[in-house]
Structures are given as C-alpha cells and as structure tokens.
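Here's a quick briefing to read alongside the model. Have the sequence and the structure open as you go.

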Amino acid sequence: MNPIIPLFKRELLEFKKHAFSIILFWVLTPIIIHTLLAIPLSRLITMDIRYLNWSAAGVWITAAGMVAFLQSATRMRKIQFESQQIDALLKSPISNLDLIIVNISRGIMYGMGQFLVAIVITSTLNHEYQSLGNMLIITLQMFTLILYFSVLGTLIGMLISNHISFVNVSFILFLGVTMGFGNFIPLKYYPNSYLSVINTIPTTIAFENVRSVILYGPFNWAGFFLTLIGTILICIITLIVSHKVFRKI
Amino acid sequence: MEASITLKAVGKTIGKKTLLADLSFGVEKGSTFVILGENGSGKSVILKLLVGLIEKDTGSVYIHGQDISARGLETRSLCGYMPQNINLDEDLTIFDNISIHGQLHGLTSAEAKKNTLHWANLLGFTQFLKQSSYNQAFGLQRKILFARALVHDPEVLLLDEPTTGMDPHSRSTVWNILDKLHYDKTIIFATQNFTEAERYADRIAILHEGNIKMDGTLERLIETTHGLTNYRLAFTKEPPKEFMVQLEQFPRVLRPKLKGLELEFYSRERQQFFNVLRLALEHNLSDLDTSICRLRDLFIGLTEGGLE
C-alpha cells in the first residue's frame, strides 16, 4: 500500500473527529469577515459597482487562503515541534516528499472546503457572477491561490518553532491579505510607489483575477501561471528545507 | 551467525558536541543486544540513527545487508521502533494510532486491525482502544508505543528504555513478550536498568560519551573484572575521618566510598577485606554484605574512570 493513503486516512479521521467545529468555523469565518470588514468599509469606499458585491472576492481569498495557510502550518508545527510525531512518521517507510504532499493536500482540502462554504454564503448577496463559466474560472484561480497559501504554510510551519513568532507571522499575513493587496480596499487608493512594488508579486494579479471575474472583466492568464510557478518554486524550497530540518537530529 | 545490523566507524557531531565517535559493532540475527549507558551517552542516538531519524556524518550502517543511507525506505520497513518520549497522535484514538502506523508499514486495513487487536489484547489495553491517546496514564502510553512498534511484525526491534514508567505487572508482560519474540527477531534495547540488561541480553555494550567502552556477553564482561568483589559495610554511627585516611593506606582496597552510614569498596583479596573489617569493628560496624562484581559495578567502573 502506498504510504500516502494511510496518511490521508489519518487526515480523514481527524476531520471526522472535529467535523462540527471545522464546519462551524467555515460558516462563521466569511460571515465575520463580511460583517466586521466589508460592511464598515462599504460605508467609506465609493465605487461604480456595489462594494459588497465586489468585496465577495476578498472574503473568499481571505477566508480560504488563511484557512489553507493555518491548517498546513499548524499541522506541520504540531508534528515537528509540539508533539514530536515527526519521529513516528519519519521512521516509517515514507519520504519527506510524501509527508509534504499530504500536508499541502490538507491545506488544500480545508481551504477548498472554506472556499465552497464562503461562496455559498456570499452568493446570498450577489448572484451576478454565478454563470457556470465564471464559477469554473473563479474556482480554478482560487485553487491555485489556496495551493499557494498551503505550500507557504507548510514552509513556515517547518521553519518557525516559536509559537509567538508564528502568531506574529500569521497576523502579518492576515493584514497583508486583507489590507495590502486590494482585496478590501481598491488598489487605486494606494500610493503609486507601493503599487509599483506589489504589482511585481504574481499573487496580486491572481487576487485581481478573482475580482475581475465578478465584474466580467478580463482574466490575466500570465498572473495565473506566474502564481502557479511561484507556488512550485516555494514547494521545491520546502522540499530542500525538509531535508535540512527533518532528519537533523 | 549472520549479521543483522552492522555499524562501521560511525560518527555524529552536532555543533561542537560529539554524539557518536567512530562507533563500530555488529548485532547477530535473532539475538538481543543491550546498549547500556548513562544519560546523554548516545544510546538513543544509535537507535534513532538506525531508523533514519538522524543522519550520520561518517561511517556506514547496514541492516540485513542493506545500507541505510542508500536503501532507507527498505531498512525502515524492517524496523519497529519504540522511542523514549511519548509521540502519539493526540487527534486519533489508541486503535487508530496503532492501526495507521501498521498501514504506513504496508499492512492492509484488515491486517492492521487484526494485529492491533492482538497486541492490545496481549498487553491488556483492549478496553481503552476507542479512547483518545491524549491524557492517558504514562504507563499505558508506553504500552501503546510498544504495540505500535510491533504492529507490522518487524524483523528488527529497536526499543529505547522500553519499560520506563510501566508498573511491575506491565513490565513483566513486556519482557515475556520479548522473551518469546527474541528467537526470530533481532532486538536492540537501550536501558539504564542493570537487572533487565543482565536478565535479557545475549550481548551487552557499555556506551560512554558516544563510544563503546566494552562489549560482550554478560559472562565475558564479568570475567574482565578478574574476580573483583564488591564489599559494603554499614555502621550505626558515621565513622570518623581518620577511618577513611587509614583505609586509603590499604594498597589493594579499590574505590573506597563512604555514603552516609555505608562504606563501599572493591578488592580481589580476602585478606584486604579482613583488614578493613578489623578496622571497621572499632567504629560501630552494624552489618556487612559482599558480592562478586556485577554489571552495575563494571558500568560504574568504566564510566567513572575504572575500578582500579
């Protein structure tokens, strides 16, 4: 039996054990982001279209991205630094790559779950983007973003042993995703010097793509593929780092 | 006999600390090999190295003829490992902890279930199988780790202080199981327990600062003391300082040590003992005990700079 299968079984068993709290979290997170972030900002930001419709993309990205990041990072930190389960896993005939694949998949599964729940909740506000084509493109772009956050979480979880440092990094990431990339505040409000920096980051274009689909705007495939390439690069770095940290002592 | 495990000139350092220094030894198939050492001597490092949790800096290690660096997946599947620390998955039940581990080693779900139930039954924790492994008694967690090491029926068993924290009944159950298993499995266990080492080992290695100081059967190790005897004298009142000064003048009284009301020393000659006894009778001697040197004495001697 491929050793990845029992690792996935283990993830399923954990999900079953905590299913109620996870689903409750999936439901509450987009509602809280919408209520505490999007609604207050809708009173301040003026746009050609209804702000709350436009900010639905920000709700999906923040909720699903952060869930993917936190699930993959906390699991990696738990097995490596907190419970030392890493020893029990690494002594089995599994490779570092197997372990990383399962951890990234965990982030993707939780992130996609969060995205699906978030899209159902935000659909109650806006049905305009719900053509089949749009939904497919949004899902495709969201999948790559969730993958990106999951890989990033795996790498961060592998490197940061200190709990406070991890909380700080997660908080900075949350602030960056919500406030720094135009997910809730349109990019036109940012200074040009800042825009020239963030426009070089592929994820900015990927975020823009999701918002653009809602508005029936153009989809930037270059941004999509660049995000994917960036994700693969972080994945390779994660694998290299794993060889340094997993079996060091 | 065929070699099951071979270590050749293995070295491992972390920063400036040497964990293993040019370590070489072999373990035969179907034998029980005990690594005896104090805390930090490198016992756990050897076991972790064999299961691929630590990578060596130098040397080579073979398990059943396969190089662990080149064929890590294969050699790891041959080994069952029980660590010293508790590293159970707190999100899973005790049953799943053991069963998933078996499946990671290639068992089917049905085989893993069967083996989990078998070991849980033998170790007496069937009633806890559906409970979470979190917050269980330490002794039970150790038994779960033991069952987890055995669930895939490994050919090589690596046990790091296996009975630590277990009650006497559980300890005896574990040793009975190992007694039955040792005919067809290679067992290496690290311990600080001399009685268990003397009772169960086919061969014993005394490890000190990452190096094997002595290695052989118990009889062979005891032989190296050449009839050295351990003497213990008990007093009703602590003897005066001049008593110890006088004692140090006896040339063949080795390592005299006064701990409270008890004096311990080693000697090969009965006459030396009689001389000490004569002196002790003048200082409230209450009891005496003599025994030929055992593993404990040898270990203390080797790790504290020699008995002589």
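Helices (H or I, at least four residues) and strands (E, at least two) are DSSP runs, numbered from the N terminus. The expected span of a helix is 1.5 Å times one less than its number of residues. This is a predicted model, where local features need pLDDT of at least 70, side-chain atom pairs count only at pLDDT 80 or more, and totals for chains, interfaces and linings use all residues. Residues are numbered from 1 along each chain as its sequence is written, chains are lettered from A and ligands numbered from 1 in the order in which they are written, and side-chain values use heavy atoms, with hydrogens and water left out.

**Chain B overall**
- You'll find 11 helices and 14 strands in chain B.
- Of its 308 residues, 54% count as buried (under 20% relative accessible area, 1.4 Å probe, protein chains only).

**Helix H10(B)**
- H10 covers residues 270-281 of chain B, and its 12 residues reach 16 Å from first C-alpha to last, close to the 16 Å expected.
- Its buried residues include B:Phe273, B:Val276 and B:Leu277.
- Strand E11 (229-235) and helix H9 (241-247) of chain B are among the elements covering them, with contact meaning heavy atoms within 4.5 Å.

**Strand E3(B)**
- Six of the six residues in E3 (32-37) of chain B are buried.
- One side carries B:Thr32, B:Val34 and B:Leu36, the other B:Phe33, B:Ile35 and B:Gly37.
- E3(B) pairs in the parallel sense with E8 (186-191) of chain B over five bridges (strands pair if DSSP finds at least two bridges between them).
- In E8(B), B:Ile188 stands opposite B:Phe33.
- E9 (203-208) of chain B also runs parallel to E3(B), joined by five bridges, and B:Ile204 in E9(B) is the bridge partner of B:Val34.

How values were computed
Buried < 20%, exposed > 50% of the residue type's maximum accessible area, 1.4 Å probe, protein only.
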